[in-house]
Amino acid sequence: MFTDFYGLTAAPFQLTPDSRFWFASGTHKKAMAYLGYGLAQGEGFIVVTGDIGAGKTTLTGHLMDTIDPARVQAIRIVSTQVEGDDMLRLTAQGLGLPTEGVEKAQLLDRIERHLMDTGRGGRRTLLVIDEAQNLPTSALEELRMLSNFQSGGHALLQIFLLGQPEFRDRLADSNQLEQLRQRVIATHHLDPMKADETRGYLEHRLTTVGWTGRPALTDEACAMLHAASGGLPRKLNTLATRALLMGAIDKADTIDGAIVGQVVSDLDGDRPTAASVAVPPMHPLLAANVEAQAVRPDVQTDQYEARIAMLETQIQEQDVALRRVLTLLIDWVERDEPTLARAPAA
């Protein structure tokens with residue numbers, strides 16, 4: 001793998017979100033400022049939106065890492081399309097409360113009592129909802145009702161909603177969400193990274209996994225990576241991974257415009273069609289898994305990237321297991337060599 005060739009301790013541009021790789025671009029700094037403002041206010045809703053791959057999940061992970069658990073009890077829910085009652089149950093489960101066989105009225109009472117006990121202990125409660133665009137109106141209304149819980153004139157629950165751009169539009173236009181809209185104290189949309197932030201982003205992720213300057217990155221390569229990715233971190237990660245792989249194959253000490261141009265050309269040829277998925281030449285196991293699956297015309301490219309991330313993780317786990325087996329076999333052979341040497345010839 002290119003990690004071995006370049007002396008890296010791990011893959012720097014994996015698609016799986018990892019808060020270790022948090023990079024404070026201009027737009028992400030603003031988002032964290034709004035989240036910090038929300039925590040300081042201790043009430044209402046903060047809404048952060050962004051395109052697919054803009055870094056919302058990494059932002060959430062960084063937020064959770066920076067929160068002092070002695071002062072704030074933080075719960076994170078990645079929403080599916082659940083109705084109001086199920087949202088209450090997910091919230092209760094996040095708080096560690098039993099929910100099986102509990103009626104809604106009793107569940108609300110348990111949640112309120114828990115929030116009050118937490119508040120009396122000097123801690124506040126933060127509820128982070130990721131993928132909020134999937135929530136039906138009933139679930140958003142239940143969240144609004146939870147935000148009404150108070151003690152001594154102070155809100156018991158702070159709620160952050162993170163979602164795709166359509167959630168921002170829905171929140172602004174829906175008459176059914178007027179009461180929720182009035183409780184939103186700040187909103188921010190994650191824009192793509194700017195061109196002059198690309199090198200800093202790439203070098204930060206590389207440095208996190210032990211990069212010492214090899215491979216070098218030319219200005220042309222950074223500019224081309226930004227242009228091809230549109231400044232979206234997830235797409236930039238995909239392109240950068242391919243560039244490192246191609247660089248390792250070519251035994252290149254510098255990632256330049258020629259390498260990036262070839263990667264972009266290859267990816268353009270990899271776009272899924274109605275009949276099949278064009279598989280990137282990353283790994284034989286990866287290719288075999290992806291090629292074996294039929295694809296509908298309406299599937300988004302990001303779904304393939306998520307699948308690739310999962311398969312890459314599986315391949316890495318298989319590589320580790322294989323190395324362990326080989327090590328055991330070598331140890332076994334070395335132990336038996338003296339015995340074999342003393343064995344009489346047939």
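## Salt bridges, burial and contacts in a predicted model

Lys104 counts as partly exposed, because its relative accessibility is 34%. Buried means under 20% relative accessible area, exposed over 50%, and partly exposed in between (1.4 Å probe, protein chains only).

This is a predicted model: local features need pLDDT of at least 70, side-chain atom pairs count only at pLDDT 80 or more, and totals for chains, interfaces and linings use all residues. Residues are numbered from 1 along each chain as its sequence is written, and side-chain values use heavy atoms, with hydrogens and water left out.

**Overall build**

The protein has 14 helices and nine strands. These are DSSP runs, numbered from the N terminus: helices are H or I with at least four residues, strands are E with at least two. Of the 346 residues in the protein, 44% are buried. The accessible surface comes to about 17900 Å². Carbon and sulfur atoms hold 53% of that surface. Accessible areas come from the Shrake-Rupley method with a 1.4 Å probe; for residues, only the protein chains shown count as cover.

Contacts are counted next. A contact means heavy atoms within 4.5 Å. Take the contacts in the protein with a separation of 6 or more: residues 24 or more positions apart account for 74% of them.

**Salt bridges**

A salt bridge is a side-chain nitrogen of Lys or Arg within 4 Å of a carboxyl oxygen of Asp or Glu. A search of the whole structure finds eleven. The table lists three of them.

| Asp18 | Arg20 | 3.0 Å |

Start with Asp18 and Arg20, whose side chains meet in a salt bridge. Asp18 is buried, because its relative accessibility is 19%. Arg20 is partly exposed at 47%.

Glu142 is buried, with a relative accessible area of 12%.

Asp219 has a relative accessible area of 58%, so Asp219 is exposed. Arg199, at 25%, is partly exposed.

Some salt bridges share partners. Those bridges join Asp85, Lys104 and Glu142 into one network.

**A negative patch and a buried threonine**

Which residues gather in a patch of negative charge on the surface? They are Asp51, Glu166, Asp169, Asp173 and Asp191. Patches are made of residues with over 30% relative accessible area and no salt bridge; like charges are joined within 9 Å, and nonpolar side chains (Val, Leu, Ile, Met, Phe, Trp, Tyr) within 5 Å. Lys and Arg count as positive and Asp and Glu as negative, while His and the chain ends are not counted. The place of a charge is taken as NZ of Lys, CZ of Arg, CG of Asp or CD of Glu.

Asp191 is found in the loop between β7 (184–190) and α9 (198–208). Asp191 counts as partly exposed, because its relative accessibility is 42%. Thr27 belongs to helix α2 (residues 26–41). Is Thr27 buried or exposed? Thr27 is buried, with a relative accessible area of 9%.

In helix α3 (residues 56–66), the buried residues include Lys56, Thr58, Leu59, Thr60, Gly61, His62 and Leu63.

Leu90 lies in helix α4 (residues 84–94). Leu90 counts as partly exposed, because its relative accessibility is 28%. Beyond neighbours within four places in sequence, Leu90 is in contact with Ile77 and Val82. The C-alpha atoms of Leu90 and Ile77 are separated by 7.5 Å, and the two residues are 13 apart along the chain.

Thr118 lies in helix α5. Thr118 is buried, with a relative accessible area of 9%. Not counting residues up to four places away in sequence, Thr118 touches Gln73, Arg123, Arg124 and Thr125.
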